[in-house]
Amino acid sequence: MTGTASPPRPRRRIFADLTPLRTSAHYRRLWVGGTISWMGQAMTALAISLQVYEITGSSFSVGLVGLFSLVPLVAFGLYGGAIADTVDRRKLGLHSQIGLTVLSAGLAAAALLDYHRVWLLYTVVALQAVCGALNGPARSAMIPKLLPPEQLPAANALGSVTMTSGTMLGPVLGGLIVGWWGYQAAYLIDVVTFVAALYAMWRLPAMLPEGRKGRASVMDGLRFLGTTPNIRMTFFSDMAAMIFAQPKALFPAIAVLWYGGDAKTVGLLVAAPAVGALLGGLFSGWQGRVQRHGLAILLSVAMWGLAIAVFGLTRNLWLGLFFLALAGCADTISMVFRSTMMQTATPDGMRGRLQGVFIVVVAGGPRLGDFLAGTVADLTSPAVAVTGGGLACVLVLGLLAARWRAFARYDARSPQP
């Protein structure tokens with residue numbers, strides 16, 4: 001024994017890495033503004049669902065909210081990604097953000113005038129999807145331009161905190177505000193929260209895509225995706241979770257039928273997955289040490305499906321909230337690894353189009369899941385729709401993993417798209 005001291009071990013990070021917030025003022029403003037505005041959007045989404053259910057008394061009608069959002073989201077998500085690869089992404093993000101602000105102001109005006117019509121709510125939801133489909137690819141494609149590659153995993157974890165903190169607070173506040181002061185108050189607050197996001201987008205420099213050459217083809221993006229089996233699998237796994245195991249449209253009915261609750265109970269149910277997702281983002285330091293990203297995605301999606309299935313068997317509110325939070329934590333873990341895989345394998349000139357596909361899957365999948373869950377619940381029962389959907393998610397995921405076995409062996413140290 002020589003007595004030579006061994007080098008000190010690097011300190012293992014537990015909490016989220018805040019380096020992107022410290023090193024980039026543009027990213028910091030974008031992150032703060034997005035967190036605030038997302039809270040307002042979550043309030044509006046809950047208020048619309050409650051308003052539709054109050055007018056119709058039907059879970060199927062609430063599920064139609066997802067369908068009216070899905071069609072324009074799919075069409076304009078792909079098109080918006082192509083636009084983001086040809087124009088100044090800052091201007092595209094700013095203009096689409098203004099559109100979302102105007103739509104929320106329209107909802108507030110209708111509520112103040114006591115004009116409660118389902119067709120108006122469906123129309124606004126569709127137009128919100130158009131603006132969101134244009135904003136999402138532009139905004140997401142900006143992040144790799146604001147930060148060095150080594151900070152992208154941390155930025156993805158912080159992005160999950162942006163979405164989930166807003167989603168967590170939004171439904172709780174939305175349920176309280178609707179219960180106390182009505183729908184118009186929730187919509188007006190949403191308008192105010194957009195100011196932060198608009199300011200952050202306004203302060204950004206020009207964001208022209210690299211190597212742009214005239215018009216960008218959506219088909220070129222889809223053809224490129226066809227050559228990347230691992231990136232495709234990230235989309236397929238997320239679709240399995242969001243389409244088959246998405247009980248959100250049933251929360252108004254579940255709050256009444258299972259728990260004897262009201263709008264405040266609906267707010268808790270919607271917020272529970274966001275609480276788990278927020279914890280997953282806040283305690284994301286360990287994720288930087290994981291190299292088997294594909295396997296991590298498969299395990300986290302399976303955990304989502306199983307947690308949703310067990311939630312469908314519970315009739316205790318707090319136990320149900322626990323399993324919803326567990327599902328939300330699993331979803332955040334999956335999202336961080338899926339986003340990192342896509343960003344590291346996609347050239348900047350193609351990033352908008354693949355982000356468009358990503359937005360379609362992430363935002364469109366849950367809306368299709370809302371429609372499916374509402375339909376199954378009306379034909380059978382909410383319990384069958386929730387538990388059966390969770391088990392279907394795990395089954396479909398297993399079939400996908402068996403078909404593309406190399407995905408489970410994906411190693412971040414030698415990425416293969």
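Predicted model: local features only at pLDDT ≥ 70, side-chain atom pairs only at ≥ 80, totals over all residues.
User: Which domains does the assignment give?
Analyst: The protein chain is assigned domain 1 (18–203) and domain 2 (218–409), with bounds that come from an automatic or database domain assignment. The C-alpha centres of domain 1 and domain 2 lie 19 Å apart. The contact, meaning heavy atoms within 4.5 Å, takes 45 residues from domain 1 and 44 residues from domain 2.

User: And how many residues are in the largest nonpolar core?
Analyst: The largest nonpolar core has 71 residues, and those with the most contacts inside it are Ile-48, Tyr-187, Phe-251, Ile-254, Leu-269, Trp-304 and Phe-311. A nonpolar core here is a set of buried Ala, Val, Leu, Ile, Met, Phe, Trp, Tyr and Cys residues joined through side-chain atoms within 4.5 Å; buried means under 20% relative accessible area, exposed over 50%, and partly exposed in between, with a 1.4 Å probe and protein chains only.

User: Which helix gives the largest share of this core?
Analyst: That is helix α13 (residues 317–345), with nine residues; helices are DSSP runs of H or I with at least four residues, numbered from the N terminus. This core also draws at least three residues from each of domain 1 and domain 2.

User: What does Trp-304 touch?
Analyst: Not counting residues up to four places away in sequence, Trp-304 touches Ala-241, Met-242, Ala-245, Ala-327, Gly-328, Ala-330, Asp-331 and Cys-393.

User: Switching to charges, how many salt bridges does the structure hold?
Analyst: It holds one salt bridge, a term for a side-chain nitrogen of Lys or Arg within 4 Å of a carboxyl oxygen of Asp or Glu. Asp-238 forms it with Arg-338, the closest N and O atoms being 3.3 Å apart. Because Asp-238 lies in helix α9 (residues 229–244) and Arg-338 in helix α13, the pair ties together parts that are 100 residues apart in sequence.

User: Are Asp-238 and Arg-338 buried or exposed?
Analyst: Both Asp-238 and Arg-338 are buried.

User: What about the surface, which residues form a nonpolar patch?
Analyst: Ile-14, Phe-15, Val-275, Leu-279, Leu-282 and Phe-283 form a nonpolar patch, with about 530 Å² of accessible area together. Patches are made of residues with over 30% relative accessible area and no salt bridge, like charges being joined within 9 Å and nonpolar side chains (Val, Leu, Ile, Met, Phe, Trp, Tyr) within 5 Å, and the areas come from the Shrake-Rupley method with a 1.4 Å probe, only the protein chains shown counting as cover for residues. Ile-14, in the segment before α1 (19–23), is exposed, with a relative accessible area of 53%.

User: Where is Val-290?
Analyst: Val-290 sits in the loop between α11 (263–282) and α12 (293–311), and at 23% relative accessibility it counts as partly exposed. Not counting residues up to four places away in sequence, Val-290 touches Ala-296 and Phe-337.

User: Last one, what is the phi of Asp-114?
Analyst: Asp-114 has a positive phi of about 60 degrees although it is not a glycine. Most residues other than glycine have a negative phi. Asp-114 is found in the loop between α4 (89–112) and α5 (118–146), where it is exposed, with a relative accessible area of 56%.

Definitions and conventions. Residues numbered from 1 in each chain as written. Heavy atoms only, no water. Helix = DSSP H or I, 4+ residues; strand = E, 2+ residues; numbered from the N terminus.
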